[in-house]
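Reader: I have a model open and want to learn to read it. Where do we start?

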Amino acid sequence: MNVAVEMSESTSQTVEHFDVLIVGAGISGIDAAYHLQQQCPAKSFVLLENQESFGGTWLTHKFPGIRSDSDLFTFGYKWKPWSGPPIATAEEILNYLDEVLDEQDIRRHIRYLHQVRTATWSGEDKCWTLEVTGADGGESRRFTGNFLWMCQGYYRHSEGYTPDFPGMERFQGPIVHPQTWPEDLDYKGKQVVVIGSGATAATLIPAMAGDCAHITMLQRSPTFFYARPNSNEVADMLRQLDIPEEWTHEIVRQQILKDQQEITRRSFEDSDALKDELIAGAKAYLGEDFDVDTHFTPSYRPWRQRLAIVPDGDLFKGIRAGQASVVTDQIETFTERGILLTSGRELEADIIVTATGFNLSALGDIDFTIDGEPLNFADCWAHRGILFSGIPNMAWVFGYLRTSWTMRADMVAGFVCRLLNHMAEKGADVVTPQLREADKDMPALPLVADENFNAGYLVRKMHIMPKQGDREPWIFSQDYYSEKDEIPAADLDDGTLIYR
Ligand SMILES: Cc1cc2nc3c(=O)[nH]c(=O)nc-3n(C[C@H](O)[C@H](O)[C@H](O)COP(=O)(O)OP(=O)(O)OC[C@H]3O[C@@H](n4cnc5c(N)ncnc54)[C@H](O)[C@@H]3O)c2cc1C
């Protein structure tokens, strides 16, 4: 159906209609648009984006050194070769997406400064209505669409997560969260303490180390890091041979995926040896005298949290050079001058950075209503982690947590387009996932099991997420290696998808 613009009778608001409404113009939303154009060329669509530009995560985060922590051969799209080094800066990722918008003629479909506030499904009209306002809360608009494709990411973009540390108000200097980094923050010659030791801390510490008087990474417990050169031998060799970029991209993707599969397998089956290797990697940079046992020997199994790559060992080099240090302790209280630790030591600081993570947001902080009933997303069962029981005509992109996010976004996009074409073939306007009689006794399991992956932002908010079951198609395995075969071959008439 083509775009229709009309005036709402009740509010004299403009109402625009599209076949598909995409929320978010990050890497997943742009991927959704690409797949729609390729696989469902007759469908009209729009991308509604809250921010002033595209890129999502890579636009939001502006802290020093911001870069990917997985390689761009797999974080980039299958269909758009990556030609740089494996780990890329936010700017390089935005340039890549910028090229995509031009090459695929997607730019004209994006509406910036459009924040979706409510999503209402009407079974009678067989469509969604989205209430949308400008980011500043400005004029409200209305969009209707047959299918809603949620590409809103997994965390709240407006602000990061900062725990309520005791005595924060006492500290005299700035307390900064990396997600809302002040552009004018002057840290030259200053003492900086970074709370946290995840990928963000590991990125910003080496980027700031040379400029600060000193920078300290304060962690409650150690994290695994994977020190690797920021180059890929296979890519370098193929590039030297002038092999077409498309081939190089695909070959290197397959090589990286195989390597990661082996690491994942070992993290379950051979975790002690893998742990020893990762720790030995840190030791090689830090030297024999460094207390690796205290600061870089985690208690959890490798891969239970994302394994952050440290390109060229930059974090360790900063520590070895004495520009950065690491303290493993607990925060007793903030003080006027810094942070008092449980051990009794006080860390002096001019600036404190809270690299303490995200606020998980399941559905872009949008209020959903289905036929007059407010939706509690946590009541729903995830159907292949893409659709949800009781929610008609809606798909959601939740990518991989270990493998690059985009590997799953690509797969979800293929699935959604196949579903849309299947609906068209059947003459169906509505598809709603529903438990079969035999599924009704399923145990309700968390969408991501703690023993599988236990990043803090997930553990804190798992209760707002939908649940998974113990049988297909209600399992959300987070396993690329099984889903790569299962999702493209999924039976769309297995009795769990009710067409109308
Ligand atoms: C610092 C950092 C580094 C990361 N590095 C990696 C990495 O190396 N590899 C990896 O696999 N993953 C990484 N991730 C995870 C990363 O978020 C995803 O991989 C990926 O960028 C998510 O893309 P997305 O398009 O799904 O969501 P996002 O990038 O979160 O984009 C979602 C977009 O939707 C918009 N939006 C949300 N709600 C609404 C609404 N109600 N109305 C309108 N618009 C809305 C947002 O403004 C945003 O632009 C990283 C995350 C962070 C924060």
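Predicted model: local features only at pLDDT ≥ 70, side-chain atom pairs only at ≥ 80, totals over all residues.

Reader: Why is α5 largely enclosed by the rest of the structure?

Author: Count the residues. Helix α5 spans residues 199–209, and ten of its eleven residues are buried, so the rest of the structure largely encloses this helix.

Reader: Which strands does α5 lie across?

Author: α5 lies across β9, β10, β13 and β17. Its angle to β10 is about 165 degrees.

Reader: What is the order of the strands in the sheet?

Author: Read β8-β17-β9-β10-β13. These five strands form an open sheet with parallel pairing. At the edges are β8 (175–176) and β13 (324–328), each pairing on one side only.

Reader: How many bridges join β9 and β17?

Author: Four bridges, in the parallel sense, link β9 (residues 191–195) to β17 (residues 351–354). For example, V193 has I352 of β17 as its bridge partner.

Reader: How do I describe two packed helices?

Author: Give the angle between their axes and the distance between the axes. Now take α6 (residues 233–240) and α7 (residues 245–269). Their axes come within 9 Å and cross at roughly 160 degrees. An angle over 145 counts as roughly antiparallel, and α6 and α7 are therefore roughly antiparallel to each other. Their crossing is right-handed.

Reader: Which residues meet between α6 and α7?

Author: From α6, V234, A235, L238 and R239 meet T248, I251, V252 and Q255 of α7. By class, this contact has five nonpolar, two polar and one charged residues.

Note on methods:
Residues numbered from 1 in each chain as written. Buried ≥ 20, exposed ≤ 12 C-beta atoms within 10 Å, placed from the backbone. Helix = DSSP H or I, 4+ residues; strand = E, 2+ residues; numbered from the N terminus. Pairing = 2+ DSSP bridges. Contact = placed C-beta atoms within 7 Å. Axes fitted to C-alpha atoms, helices over the stretch in contact; angles between N-to-C directions. Parallel < 35°, antiparallel > 145°, perpendicular 65-115°, else oblique. Left-handed = near helix turned anticlockwise from the far one by under 90°. Nonpolar A, V, L, I, M, F, W, Y, C, P; charged D, E, K, R; others polar.
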